[in-house]
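Me: I would like to go through the strand pairing in this structure. Could you bring it up on the screen?

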Amino acid sequence: MRGEKVRYIVDRFENGYAVCEMEDGNIKNIPKYQLPLEVKEGDMLIVENGFYRVLDIETKKRRGELRERLRGLSKKREKRKE
């Protein structure tokens with residue numbers, strides 16, 4: 001796994017931990033004190049030099065994709081009502 005960087009998505013915060021989903025679907029609880037202060041639910045993280053860092057560009061891209069998916073679902077729902 002040398003050279004590869006694992007990404008995490010912050011699902012939620014519970015009891016002082018960030019409950020994060022790894023790329024392989026596994027869950028990892030990361031103590032909140034180890035994370036940047038600005039971290040929020042839905043942020044994508046990576047570990048660099050032993051520190052967690054928010055991947056701003058990837059997080060924004062992912063949020064945009066999820067927003068578009070939600071719009072598509074809303075449109076399908078509206079069509080069913082007609």
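Me: Which residue in β5 does Val47 stand opposite?
Reply: Val47 stands opposite Tyr52 in β5. This is a predicted model, in which local features need pLDDT of at least 70, side-chain atom pairs count only at pLDDT 80 or more, and totals for chains, interfaces and linings use all residues. Residues are numbered from 1 along each chain as its sequence is written, and side-chain values use heavy atoms, with hydrogens and water left out.

Me: How many bridges pair β4 with β5?
Reply: Four bridges pair β4 with strand β5 (residues 51-54), in the antiparallel sense. Strands here are DSSP runs (E, at least two residues), numbered from the N terminus, and two strands count as paired if DSSP finds at least two bridges between them.

Me: What lies between those two strands, β4 and β5?
Reply: They form a hairpin with two residues between them, and Asn49 in the turn has a positive phi of about 55 degrees.

Me: Which strand pairs with β4 over three bridges?
Reply: That is β1, which pairs with β4 (residues 44-48) in the antiparallel sense. Within this part of the structure, Tyr8 stands opposite Leu45 in β4.

Me: Moving on to β2, how many bridges join β1 to β2?
Reply: Six bridges join β1 (residues 7-14) to β2 (residues 17-22), and the two run antiparallel. The bridge partner of Phe13 in β2 is Ala18. The hairpin of β1 and β2 has two residues between the strands, and Asn15 in its turn has a positive phi of about 50 degrees.

Me: And what joins β2 to β3?
Reply: Five bridges do, with β3 (residues 27-31) running antiparallel to β2. Tyr17 stands opposite Pro31 in β3, and Cys20 stands opposite Lys28. The hairpin of β2 and β3 has four residues between the strands, and Gly25 takes a positive phi near 95 degrees.

Me: In what order do the five strands form the sheet?
Reply: The order is β3-β2-β1-β4-β5, in an open sheet with antiparallel pairing. Because β3 and β5 stand at the edges with a single partner strand each, one side of each is left without a neighbour in the sheet.

Me: By how many degrees are neighbouring strands turned against each other on average?
Reply: The average is 40 degrees, direction ignored. The axes are lines fitted to C-alpha atoms, and angles run from 0 to 180 degrees between N-to-C directions.
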